[in-house]
Amino acid sequence: MEEDSPSEALFSPLIEHAIELSAQWHDGTYRKGVWRDPAFEVPEGEEIQIPVIAHLAAVASIVRRAGWGEVPVAAAYLHDAIEDINQHGQRLRRKQLRDAVGAEVARLVAQVSEQKLDDDGEMRPWRARKEDYLDSIRTGSPDAAAISLADKIHNLWSITQSLEAGEDIFAALSGAPEAQQWFHGAVLDASTHHDDPRLDPMRERLQTELDRFDTALRRTE
């Protein structure tokens, strides 16, 4: 397990930069589900949405609590930055990310990023993207597997929360329920190619979320 000195554990300029960059890049973009009533009055004609940065913070928190240091935590904040376009339709290039936060962070982000577009700039098939992603998790570093597990824990938790709130979440998702079950289970399996003990509780939690998801699906049948 990586250990920081007491002063380093209090504040990391690298993580702060990652938070800043992820908040800037994903500004004005939102999650696909909402499962809580707003805690404040929403102006008439508006609807409450969950900013993407909330997901990124949750994923980074899981990675940090599982025992990883500042580089994987910074990468967790930025794990969707290469994949997702910003509100202006731009894509962040890996070189731009590397120049901003360094090669180590950029390498980890690349390992947990899907290649969504083909050589002609067209969207690749869902299954092909996922298969390549799984290969990257199997052959990448334990740090990348940790980010992937944290991402899938929170994604599947969010899907189940939406289901339990009565939302038609699958109308917004690319993969059908069976596809989501396959993919999250396959990520869990891919992570077993790494024997870092910090991954064990993360795998256990993802299995818990898979079980919750299965139960929620059966209730909606």
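Hi everyone. Helices here (H or I, at least four residues) and strands (E, at least two) are DSSP runs, numbered from the N terminus. What you see above is a predicted model, where local features need pLDDT of at least 70 and side-chain atom pairs count only at pLDDT 80 or more, while totals for chains, interfaces and linings use all residues. Residues are numbered from 1 along each chain as its sequence is written, and side-chain values use heavy atoms, with hydrogens and water left out.

Let's begin with charges. Side chains of opposite charge can pair when their charged atoms come close. I call it a salt bridge when a side-chain nitrogen of Lys or Arg is within 4 Å of a carboxyl oxygen of Asp or Glu, and that rule gives 16 salt bridges.

Please find E114 first. Its side chain forms a salt bridge with R129, at 2.9 Å from N to O. E114 lies in the loop between α6 (103-111) and α7 (126-139), and R129 in helix α7, so this pair ties together parts that are 15 residues apart in sequence. E114 also meets K130 in a salt bridge, at 2.4 Å, N to O. K130 lies in helix α7 too, so here the parts tied together are 16 residues apart in sequence.

Are these residues buried or exposed? Both E114 and R129 are buried, and K130 is buried as well; buried means under 20% relative accessible area, exposed over 50%, and partly exposed in between (1.4 Å probe, protein chains only).

Now over to helix α10, residues 200-220, where R218 and D214 sit four residues apart, about one turn of the helix. Their side chains form a salt bridge at 3.1 Å, N to O. R218 is partly exposed at 47% relative accessible area, and D214 is partly exposed at 30%. There is also a network of salt bridges with shared partners, joining E164, R205, E209, R212 and R219.

On to the rings. Rings of Phe, Tyr and Trp (its six-membered ring) pair if their centres lie within 6.5 Å; planes under 30 degrees apart count as stacked, over 60 as edge-to-face, and the rest as tilted. That gives six aromatic pairs. W126 and F183 make an edge-to-face pair, 6.2 Å centre to centre with 70° between the planes. W126 lies in helix α7 and F183 in helix α9 (residues 177-191), so the pair ties together parts that are 57 residues apart in sequence. F183 is buried at 3% relative accessibility, and W126 is buried at 17%. Together with Y133 and W182, they form one aromatic cluster. Thanks, everyone!
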